[in-house]
Amino acid sequence: MSEALGRVVATERKPNTPHEFHFWTAIDSPVGIGTIVRVDGANPMDGQIPHIYGIIVEGFSYTDLQSPMHDVLGHDGLPTTAGYAATERAEIRLYTAAVLRQIPEEPLQPVPMGQVFLAEEADVQVALRMDSYLREGANTGIPIGVYRAGGTEAVIYLDADFLLGPEAAHLNITGVSGLATKTSAVEWLLASLFKHFPEDKGSIAAVCFNVKGPDLCYLDQPGKVEKSDEALYEKLDVEPKPFQSVEYFAPYTAKGLALNTFRNNEALLDNVTPLTWGLREVLQFAEVLLNKDDIDAKADALIDFITENVVDKEFSDPILSKKHRVQSFADLDAWFRDVLQGMERKDGESWRTHHVATIRKVRNRLSNISTRCAGLVTDAGAVSDLPFGSFEDRTVYVVDVANLEEDAQDLIFARIVSKLREHLERRDLGVKHIVVFVDELNKYAPGDGADTYVRKMLLDTGIRGAEPGDKNQARNAGERAVDDSPSTFHAADLRTIPASRRDAGTRRLGALPAGERRLAGRRDSARAQTARSDDLAAVGAGDHGALHAGRGDPGAQRDAPRQTRQREGILRRAIPEDHPRPGGAAPNGREHQVGAGK
């Protein structure tokens, strides 16, 4: 057992409570804001020595001076004469700690007098209640980083059941851009999930939407790992290497001559698949591309009629010149033209309760889709899609939409997320658990934006909590993004979806500006909030605080292994022609784009 570093103290003005205590320590003690400590009580309760675990939230330093003026007079008003003083004034370091856990937990009493010890790794697990899911034979811990303080290094774990299991709620991630707090943190989390997710809980895969630059376009390429990060990877038992199984999907350019993706080097196209949809795939989500003025009750009824009675069916009617089998946008346009010509021949204003103006309006709006989403939506109806029903275990599926117009991005996001939910609920996706990561979700669902289809869908999934029974459904989408048995999405901008912060089962907090720090710490007491928010302001690149269901504190988790700077990929995305296929070694010892492991 380590030596005591301090003692609990209490005065009438500074009493200890069941939730907060004070202790003094030597000036050179290795403690500070965010350090976890353990108090061993002096008197047993029911035959058991009480142990109290706390995290330091405030520190004080003072001497026996009654007034600062006394110090000025003692040195003749000259700070340079301090070294000539006959004696040094006694100084005290007093710290305030918020209680994380008391053992025994009942009765809950004020913290007793006793010695204070620096928390060791086992103490950190107990203090943050990780011991409940790190039991031998029932270990569901997913390592996400390392707590470091006073020479103690302890792995911080999340509970797989609360992250991706039947009790899961979504994960919030927030932080300043460029400090490995969002995209890089999710990449690390995926790597850790793929390595440590319990095999008895089933298979797992990930779908990632790349919405800006080449950030996610080289997850399967190796990169340089610093020695400091190598030690972290080793402690967290994750190999510092890129993802081994990655599939990329991207639409064509508007002219249809090449794939519209940043991963455009011929040496890296062997695992890139075109993403193209036809009428059948798009018609179900026409609302994504049409506003409220386009889709009134009459137009919506006509679209439903077409979906149920015309598409993929032999359709005939007395006013039509021939039978139609509509399987593409070109077929649909021919059907509309035949209907309108038939109405003109009969000089009719309505057909099957649908007014001619409504028919012309819907024709115009639907025919427009293949033009607005050129490269993704085809007139001919050719389909190339994600492998719904045959997803593979520990595989990352990246959908590159960075170069697309907003209409096409909205359509891709809405359809893929909806299809994932459908397959997860039917349990025929190919894997049991799916994580969906959408970078920069604030583009799709800004807090002050229009009430679009995508935003309504995200709000709907974000508000849901864990549901009993077998039909656990997909819930909050966010980073800016998911599991079934249920699906968990991740949200990196706390302002994007109002329900995301309130309902989050897990939150990771990186370096934050002042306003976001106040938002992140709103649940804490005033003193704890101030200290912890200052701590979040000082964290470095790749460092996070963590809050997890049933335990946690923003200052508890430090130094998650930093992912490779995405800027390296942007600067080096033009991979040379002699670059090997994924899995090979770079010629001449050169280093190229870094992926999941740094």
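This is a short tour of the structure above, stop by stop, with something to select at each one.

**Before you start**

You are looking at a predicted model, in which local features need pLDDT of at least 70, side-chain atom pairs count only at pLDDT 80 or more, and totals for chains, interfaces and linings use all residues. Residues are numbered from 1 along each chain as its sequence is written, and side-chain values use heavy atoms, with hydrogens and water left out.

**Stop 1: colour by confidence**

Colour the model by pLDDT, the predictor's confidence in each residue, from 0 to 100. The mean for the protein is 76, and 70% of its residues reach 70 or more. Which strand has the highest confidence, and which the lowest? Strand β2 (residues 20–25) is highest, at a mean of 96, while strand β21 (residues 488–491) is lowest, at 34. Helices (H or I, at least four residues) and strands (E, at least two) are DSSP runs, numbered from the N terminus.

Now select residues 465–503, where the pLDDT is below 50. Beyond near neighbours in sequence, this stretch has 174 contacts in the model; a contact means heavy atoms within 4.5 Å. Residues 550–598 also have pLDDT below 50, with 165 contacts beyond near neighbours in sequence. Where pLDDT is low, the predicted coordinates should not be read in detail.

**Stop 2: the barrel**

Next, show the strands β1 to β6. What do these 6 strands form? They close into a barrel in the order β1-β2-β5-β4-β3-β6, with antiparallel pairing. Two strands count as paired if DSSP finds at least two bridges between them. The twist averages 40 degrees from one strand to the next, with axes taken as lines fitted to C-alpha atoms (for helices over the stretch in contact) and angles running from 0 to 180 degrees between N-to-C directions.

Select β1 (residues 6–9) and follow its pairings:

- Antiparallel to β2, β1 is joined by 4 bridges; Val-8 has Phe-23 of β2 as its bridge partner.
- Antiparallel to β6, β1 is joined by 2 bridges; Arg-7 has Gln-115 of β6 as its bridge partner.

Then move to β6 itself. Its pairing with β3 is antiparallel, over 5 bridges, and Gly-41 has Gly-114 of β6 as its bridge partner. In β6, 4 of the 5 residues are buried, so the strand is largely enclosed by the rest of the structure. Buried means under 20% relative accessible area, exposed over 50%, and partly exposed in between (1.4 Å probe, protein chains only).

**Stop 3: loops beside the strands**

Select Pro-104 and Pro-107. Pro-104 is in the loop between β5 (91–103) and β6 (114–118), and Pro-107 lies in the loop between β5 and β6 too. The peptide bond from Ile-103 to Pro-104 is cis, with omega near 0 degrees. The bond from Glu-106 to Pro-107 is also cis, with omega near 0 degrees.

Now find Asp-46, in the loop between β3 (36–41) and β4 (51–63). Asp-46 is not a glycine, yet its phi is positive, about 55 degrees. Is Asp-46 buried or exposed? With a relative accessibility of 81%, Asp-46 counts as exposed.

**Stop 4: helix α5**

Select α5 (residues 227–236). Its buried residues are Asp-229, Leu-232, Tyr-233 and Leu-236. Look down the axis of α5: these buried residues fall within an arc of 100 degrees, so they line one face of the helix. That arc is taken from the directions from the helix axis to the C-beta atoms. The face turned away from the buried side carries the exposed residues Lys-227 and Glu-234. Among the elements covering the buried residues are β9 (141–149), β10 (152–159) and α4 (183–196).

**Stop 5: strand β13**

Select β13 (residues 246–250). Because 4 of its 5 residues are buried, β13 is largely enclosed by the rest of the structure. It runs parallel to β19, joined by 4 bridges, and Glu-247 stands opposite Tyr-397 in β19. β13 is also parallel to strand β14 (residues 272–274), joined by 3 bridges; there, Phe-249 has Thr-273 as its bridge partner.

**Stop 6: the largest nonpolar core**

Finish with Val-207, Phe-209, Trp-335, Phe-391, Ile-412 and Ile-416, which touch the most other members of the 63-residue largest nonpolar core. A nonpolar core is a set of buried Ala, Val, Leu, Ile, Met, Phe, Trp, Tyr and Cys residues joined through side-chain atoms within 4.5 Å. Helix α11 (residues 406–426) gives the largest share of this core, 9 residues.
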